[in-house]
Amino acid sequence: MTDTSRQGSVRDASVVVARGADGMVAVLTAGFPRHGGAYVFLPGGRREDGETPEACARRELREEAGVAADAWRPLGSYAITLNSPARIHLFLAEGLTCGPQQLTAGEADFELMWWPMADAIRAATQGRFLLQGGPLALLLAQQVTAGRPERPGSRPIGGPMPLGPRRRSMRYVRCVHGSPPGTPVGGSGCVLPG
């Protein structure tokens, strides 16, 4: 049953799998002391008044990751919990360009990295995502993009993950936000050419 006393404040949310031409996906990291440590998550957040799910996804991707996308594909809409009418809308964004992050004070510790899709899914299976929307969006995006050729000549930088010893075997790329706005993801601003 729905708790009608809180319905006025219930808002849908959107989550984005931002996938570059090289197959790398935008992943954010931050500490969540209330939940016991640092977690990874995808760009996303709650809808603002009058915003469509896609407009919310576009805004959240731009604010949290500093990324704009030319191509958008809905991946589905799901209940957030059984006790709420709020929905989470999942999207795949491609045709990406880098720009500056537009973080709020509460998001100041959000760190953007670019991971191979397989590594992001592995992090989900290891319980490194705090919220359920990101892992579901990654699995759906993987199905949609399976078999697509990735741009040759791009490779991730090898290095230790910043969130603990289990991540040392994963590869990642940090987005260089000093890159000129409009730098294509997969270009010199986010992924080093092979």
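Guide: The buried residues of α2 pack against β1, β2 (24-32), β3, β7 (111-116) and α3, a contact being heavy atoms within 4.5 Å. The model is predicted: local features need pLDDT of at least 70, side-chain atom pairs count only at pLDDT 80 or more, and totals for chains, interfaces and linings use all residues. Residues are numbered from 1 along each chain as its sequence is written, and side-chain values use heavy atoms, with hydrogens and water left out.

Helix α2 spans residues 117-125, and its buried residues are M117, D119, A120, I121 and A123. Here buried stands for under 20% relative accessible area, exposed for over 50% and partly exposed for the range in between, with a 1.4 Å probe and protein chains only. After α2 comes G127, which has a positive phi near 75°. Helices are DSSP runs of H or I with at least four residues, strands are runs of E with at least two, and both are numbered from the N terminus.

Among the partners of α2 is β1, the strand that holds S14. S14 is buried, at a relative accessible area of 0%. A polar atom of the S14 side chain lies 2.8 Å from the backbone oxygen of P53. Neighbours within four places in sequence aside, S14 is in contact with P43, G44, G45, P53, C56, A57, H89 and F91.

Strand β1 (13-18) also takes part in the largest pocket: together with β3 (37-41), β4 (44-46), α1 (53-65) and α3 (133-145), each supplies at least two residues of the lining. On a 1 Å grid over the protein atoms alone, a pocket is an open set of points where a 1.4 Å probe fits, with protein on both sides within 12 Å along at least five of seven lines; lining residues have an atom within 4 Å of a point. There are 24 lining residues, and V15, G44, G45, R46 and L131 lie nearest the centre of the pocket.

In the protein as a whole there are 3 helices and 9 strands, in the order β-β-β-β-α-β-β-β-α-α-β-β from the N terminus. Of its 194 residues, 45% count as buried. Among contacts with a separation of 6 or more, 68% join residues 24 or more positions apart.

How values were computed: A polar contact is a pair of N or O atoms within 3.5 Å; within protein, one must be able to donate a hydrogen and the other to accept it, and residues adjacent in sequence count only if both atoms are side-chain atoms.
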